[in-house]
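Hi,

Here is the structure I said I would pass on. Have a look at it first, and then read my notes below.

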Amino acid sequence: TSPLYPERSPFLSPADPKLVCIPWGVDVERFQPREPPPPPLTVGFLCLLDAHHRYKGLEVLLRALRDAPVRLRVGGSGEDLDRYRRQARELGVADRVEFPGFIPEPELNAFFSSCHVFALPSTDTREGFGLVLLEAMGCGRPVLATPNVGIAAEIESQGVGVVVPPNDPAALAAALLRISPE
């Protein structure tokens, strides 16, 4: 799904002539831009909220909210939901974080469109591609990611968002404010 994937995988070799990169795409009829929501600036995040998916960077995003006066909509459910709610309270940002729960497929366009910016601040190289970023871009939203996301180079080269270092809440907060459409 990304030219970076074989470089990061212990099972693949970038020199293998049988490997071909076929990036993912999204249905542009389904993911359509809508009018942005009214202020305040709202950041979206979407993933399965469990121990296996902690590398998606929600903890870092919650810490970034201490320095970025934005709202956060966290779509998803799972065993870590209460853990993230507790972290938001401990950080003093719970009043700006909404957890609407699992977002069914037919409601994804509405979810992405309810945000001004979408973030996927992945913390390590397990992030192979970042399909949610394409879906958010299909909805006309700028995105924020780390170099761990397979499409990071395209995000920067196409000017559709910002790429920040992983595990850096201060850089993430600054980027959220910088790419805000307001």
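Let me start with a histidine. Leaving aside neighbours within four places in sequence, H53 is in contact with C47 and L48. H53 sits in the loop between β1 and α2, and with a relative accessibility of 19% it counts as buried; the cut-off for buried is under 20%. Do keep in mind that this is a predicted model.

Now the overall picture. The protein has 7 helices and 6 strands, and along the sequence they follow the pattern α-β-α-β-α-β-α-β-α-β-α-β-α. For 182 residues, a compact globule would have a radius of gyration near 16 Å, and the protein agrees with that, at 16 Å. Along the principal axes, the C-alpha atoms fill a box of roughly 50 × 35 × 30 Å. Of the 182 residues, 50% count as buried. Take the contacts between residues at least 6 apart in sequence: 70% of them join residues at least 24 apart.

First, α3, residues 81-91. Its buried residues are L81, Y84, Q87, A88 and L91. Seen down the axis of α3, these fall within an arc of 125 degrees, so they line one face of the helix. The general rule behind this kind of spacing is that an α-helix has 3.6 residues a turn, so residues three or four places apart point the same way. R89 and E90, on the other side of α3, are exposed. What does the buried part of α3 pack against? The partners are α2 (58-64) and β3 (97-101). Just after α3 comes G92, with a positive phi of about 80 degrees.

Next, α5, residues 131-138. Here 6 of the 8 residues are buried, so α5 is largely enclosed by the rest of the structure. The buried ones are V132, L133, L134, E135, A136 and G138, and that list takes in a glutamate, E135. The cover over them includes β1, α4 (108-113), β4, β5 and α6 (152-157). Just after α5 there is again a glycine, G140, with a positive phi of about 80 degrees.

Then α7, residues 169-178, where P169, A171, L172, A173, A175 and L176 are buried. Among the elements that cover them are β1 (42-46), α2, β4 (117-120), β5 (143-145) and β6 (161-163).

A68 lies in the loop between α2 and β2 (71-75) and is buried, with a relative accessible area of 1%. Which residues does A68 touch, leaving aside neighbours within four places in sequence? They are R96, A173, L176 and L177; A173 and L176 are also among the buried residues of α7.

R126 is another loop residue, in the stretch between β4 and α5. At 47% relative accessibility, R126 counts as partly exposed. Not counting residues up to four places away in sequence, R126 touches H52 and Y55. R126 and V149 are 23 residues apart in sequence and 8.6 Å apart in space, C-alpha to C-alpha.

Finally, two bits of backbone geometry to check. Most residues other than glycine have a negative phi, and most peptide bonds are trans. The peptide bond from P39 to P40 is cis, with omega near 10 degrees, and P40 is in the loop between α1 (4-8) and β1. The other case is N167, a residue other than glycine with a positive phi, near 55 degrees. N167 is in the loop between β6 and α7 and is partly exposed, with a relative accessible area of 46%.

Cheers

Key. Residues numbered from 1 in each chain as written. Predicted model: local features only at pLDDT ≥ 70, side-chain atom pairs only at ≥ 80, totals over all residues. Heavy atoms only, no water. Buried < 20%, exposed > 50% of the residue type's maximum accessible area, 1.4 Å probe, protein only. Helix = DSSP H or I, 4+ residues; strand = E, 2+ residues; numbered from the N terminus. Arc of directions from axis to C-beta. Contact = heavy atoms within 4.5 Å. Rg over C-alpha atoms; globule rule 2.2 N^0.38 Å.
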